[in-house]
Amino acid sequence: MGLKILTEHIHIPGINTFEVYRKHGGYSAVEKALKTMSPDEVVEEVKKSGIRGRGGAGFPMGMKWSFLAKPEGVPRYLVCNGDESEPGTFKDHYLMKNIPHLLIEGMIVSSFALGANKSFIYVRGELMYVIRILEIAIEEAKAAGFLGKNILGTGYDLELVVQPGGGAYICGEETALLESLEGKRGNPRNKPPFPAVKGLYESPTVVNNVESIANTPWIVNNGGDAYASIGIGRSTGTKLISASGNVKKPGVYEIELGVPVEEFIYSDEYLGGIRDGHYLKAVVAGGSSVPILPANLILKTAGGEQRLMTYESLSDGGFATGTMLGSGGFIVMDETNCIVRNTWNFSRFYHHESCGQCSPCREGTGWLEKVLYRIEHGQGNERDIDLLVDVAKRIEGNTICPLGDAAAWPVGSAIRHFRDEFEWHIKNPSEATRKGAVYMPENVLA
């Protein structure tokens, strides 16, 4: 396999402990940054690296850091988003559980760069055992002099706090997360002002994903240019992919951005192909919120070019024929999967998780769920398909946060690429509701 930045040492016994992590080069980036670099120099290396946020949006991390306001006498905060509630995504959980000191080292380096003296790791409350792992690792780092007052005698102070969330998907949105951290209901805020100007406790704040922050030690140790040389074009570095579904080898994979999608699915190096006796039907490439693509469009673009695991290649063709890398939740479906049932399941999730603050999302997600339910359960009519498209369009772009878009995009793309399957459900209700029944086009080739 290619270069490993985050997972090179993850299988070493005891790597979750300070002693073993330190023996394998751990915390060398803290020493280098705090003793030989200025905060601005660390920010500059992150900018040079070209790393884009690994939580889903893909916004350049260094640019986000450079937006942070620095008013005199006002504290600044770094908040790590470890909520990871996107269905199909479990990479951050994997990192925090197995190599917690990598995240903590990243938090120290990043907090130093941003001038933050108190930082937070926000983890969804269902992962309480992961929270305990992080807390133990923090105490180990503190005992070794890498956290607390006057770190390594450099005069830099940092307090690091792990905060459990309440288990709400909406708190994966950065401003809802900040509201939750402040002890309020996790409703997204109107922007502007952006968190970089007025975030946690109305102070300048940067919110980054676990995977994003875990990359910073490597960037500090090896340089931003070295990181930028990995990958293709603006998709630099490596990416953790949470692979699940009907493949032979599901799990978390670290890939160099630019690996062909076909190679990722079918090579023994990665997923090992579709389970025996079955064939690829569709893929959700970046977590449940991104458009689903049928087999022909996930392997090649509409123009016939090989589809690559990059931000640009996966989005080639826009939403008409493309999708998004998103959070890297790569869900593979074979011909036994029902697209209508899958779409209904996603809609149930988004309806349940809507905070209810915006009426298009509050009401629209409910309508999506209800209409998909009746199609899946043999009660649909021919007008329902166009009704779903209309409701999705009325949600998209009309909410404070992207949850509305996340609910609309899977529905719109499923109908766009698998409309015949929805029509079959409506025209053949008795067959569609038979246990185990799945639509099989006459011209499909196994």
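What covers the buried residues of α16? I started there. I found that the cover includes β9 (280-284), β10 (292-294), β11 (329-334), α17 (359-376) and α19 (403-427).

**Ground rules.** I noted that this is a predicted model, where local features need pLDDT of at least 70, side-chain atom pairs count only at pLDDT 80 or more, and totals for chains, interfaces and linings use all residues. Residues are numbered from 1 along each chain as its sequence is written, and side-chain values use heavy atoms, with hydrogens and water left out.

**Helix α16.** I looked up its extent: residues 339-353, which is 15 residues. From first C-alpha to last, α16 reaches 21 Å, close to the 21 Å expected at 1.5 Å a residue (1.5 Å times one less than the number of residues). I then listed its buried residues (under 20% relative accessible area, 1.4 Å probe, protein chains only). They are I339, V340, N342, T343, W344, F346, S347, Y350 and E353.

**Whole chain.** I counted 20 helices and 11 strands. These are DSSP runs, numbered from the N terminus: helices are H or I with at least four residues, strands E with at least two. The radius of gyration is 22 Å, close to the 22 Å that the globule rule gives for 446 residues, so the chain is as compact as a globular protein of that length. That radius is taken over C-alpha atoms, and the rule is 2.2 Å times the number of residues to the power 0.38. Along the principal axes, the C-alpha atoms fill a box of roughly 75 × 45 × 40 Å. Buried residues make up 57% of the 446.

**Cores.** I next checked the nonpolar cores (sets of buried Ala, Val, Leu, Ile, Met, Phe, Trp, Tyr and Cys residues joined through side-chain atoms within 4.5 Å). The largest has 63 residues, and Y27, L95, L103 and I104 have the most contacts inside it. Helix α6 (residues 100-114) gives this core its largest share, 9 residues. Another core lies apart from it, with 47 residues, among them L178, L181, C361 and L372.

Leaving aside neighbours within four places in sequence, L95 is in contact (heavy atoms within 4.5 Å) with L6, I10, P100, L102, V210, E211, A214 and L240.

**S313.** Is this serine buried or exposed? S313 is buried, with a relative accessible area of 11%. I placed S313 in helix α14 (residues 311-314). Not counting residues up to four places away in sequence, S313 touches T301, Q306, R307 and L308.

Key. Buried means under 20% relative accessible area, exposed over 50%, partly exposed in between (1.4 Å probe, protein chains only).
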